[in-house]
Amino acid sequence: MPRTLTVAAAQLGPIQMAEPRSVAVERMLRLLERGKARGAELVVFPELALTTFFPRHYYETIEEADPWFETAMPSNETAPLFAAARKWGIGFHLGYAEIAEEPDEAGRMRKRRFNTAILVGPEGDILLKYRKIHLPGHAERDPRRSVQHLEKRYFEVGDLGFPVIRAPMGGLAGVNMGMMICNDRRWPESWRVLGLQKVELVMLGYNTPSTNQEGQGFEAHHLRVFHSHLSIQAGAYQNSCFAVATAKAGVENGCELFGHSIIVDPQGEIIAMATSWDDELITADCNLDLCGLGRASVFAFEKHRRPEHYGRITSQVGAVDPPVWERKAAE
Ligand code: ING
């Protein structure tokens, strides 16, 4: 009997600055209901799914951005999602901005801000939490940019690593599930750390502008979606896992985000894709046994990996110049 899990990407259209969380949650409940009707057992919502993508806005003090954060999860506004999960027996992934009163590395208790995602089980338990590690953009206002991207200003680098948990989901007694968030998908290290924990299903949400805002050079528009899909398909293939990647899409305060949410199988094939840039549910039946093929052959890590040659990957941050070739004087 194949270990099949029916998953859904619940893509959200734009959330405007003035839109209260209750409206976003109502939209998400409609998608959860549609997921139930389609037989979905796990629904993946986007990154920062409760509000507009506020890191595109500059605030003089980071405290001014605090209204965009959740100080409790579940909160009054998000409790209906947890109740629906329990009522319908559906798990869900939710991305949100998190404020936590926690000790930092120096053991000092303080208010900490993260770009966070949680995995909630069909009984409403929070099974796993992840805090975004690869924060793109910049920390100070950048006058060259058409739109700011201030994740480095408002969020700390995640401090939970890339965890994987084996937990019941749908009709299965145990599924190995892990998460990453948006820019993380562009870094193969994110995928490999999850792959080294036998992840079977990677969930990720994203908010990605449809045009390059860095102003550092020409990038054809179609490459934005190509790069996103390339990263996810490669990550899934090279770690023999399924991936559910869910967009927040459409035009928020004049800034266009692309949709193209996808579900990818362990062969790297796209098995479902959203076609709108609005609220849209896509589903796929994932036979998790398909993760085994790659793991037993091309990507049998224990047989083929050679960590003794990978030292640069963890010892270096940036790239270094290579030695320059010179013709050797004749001996
Ligand atoms: N957004 C974008 C992402 O990684 C980006 C930022 C876009 C970086 C394109 C590089 C190229 O999809 C977030 N929120 O990380």
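Modeller: Happy to; what follows starts with the core and then moves on to the cavity and the backbone. Please keep in mind that this is a predicted model.

The largest nonpolar core holds 49 residues, and Leu42 and Met177 are the ones with the most contacts inside it. Strand 7, residues 172-181, supplies the largest share of this core, with six residues. Apart from that core there is another one of 28 residues, which includes Ala8, Ala10, Leu29 and Ala40.

Now to the empty space. A probe the size of a water molecule, rolled over the atoms, shows where such space is left. Here the structure has one cavity of 30 Å³ or more, and the volume of the largest cavity is about 40 Å³. Its lining includes Phe53 and Arg56, the run Val147, Gln148 and His149, and also Asn207, Pro209 and Gln213. Cys255 and Leu257 line the cavity too. Sorted by class, the lining has five nonpolar residues, four polar ones and one charged one.

Finally, the backbone. As a rule, most residues other than glycine have a negative phi, and most peptide bonds are trans. Met73 and Pro74 are joined by a cis peptide bond, with omega at about 0°. Pro74 sits in the loop that runs between strand 2 (42-44) and helix 2 (79-88).

The other two places are residues with positive phi. Lys198 has a phi near 60° and lies in the loop between helix 4 (188-195) and strand 8 (201-206). Lys198 counts as exposed because its relative accessibility is 58%, and the cut-off for exposed is over 50%. His260 has a phi near 55° and belongs to the loop between strand 11 (255-257) and strand 12 (262-264). With 21% relative accessibility, His260 counts as partly exposed, since buried would require under 20%.

Methods:
Residues numbered from 1 in each chain as written. Predicted model: local features only at pLDDT ≥ 70, side-chain atom pairs only at ≥ 80, totals over all residues. Heavy atoms only, no water. Core = buried A, V, L, I, M, F, W, Y, C linked by side-chain atoms within 4.5 Å. Buried < 20%, exposed > 50% of the residue type's maximum accessible area, 1.4 Å probe, protein only. Helix = DSSP H or I, 4+ residues; strand = E, 2+ residues; numbered from the N terminus. 1 Å grid on protein atoms, 1.4 Å probe; cavity = no way out; pocket = protein on both sides within 12 Å on 5 of 7 lines; lining within 4 Å. Points joined across faces, edges and corners; volume = space filled by probe spheres on them. Nonpolar A, V, L, I, M, F, W, Y, C, P; charged D, E, K, R; others polar.
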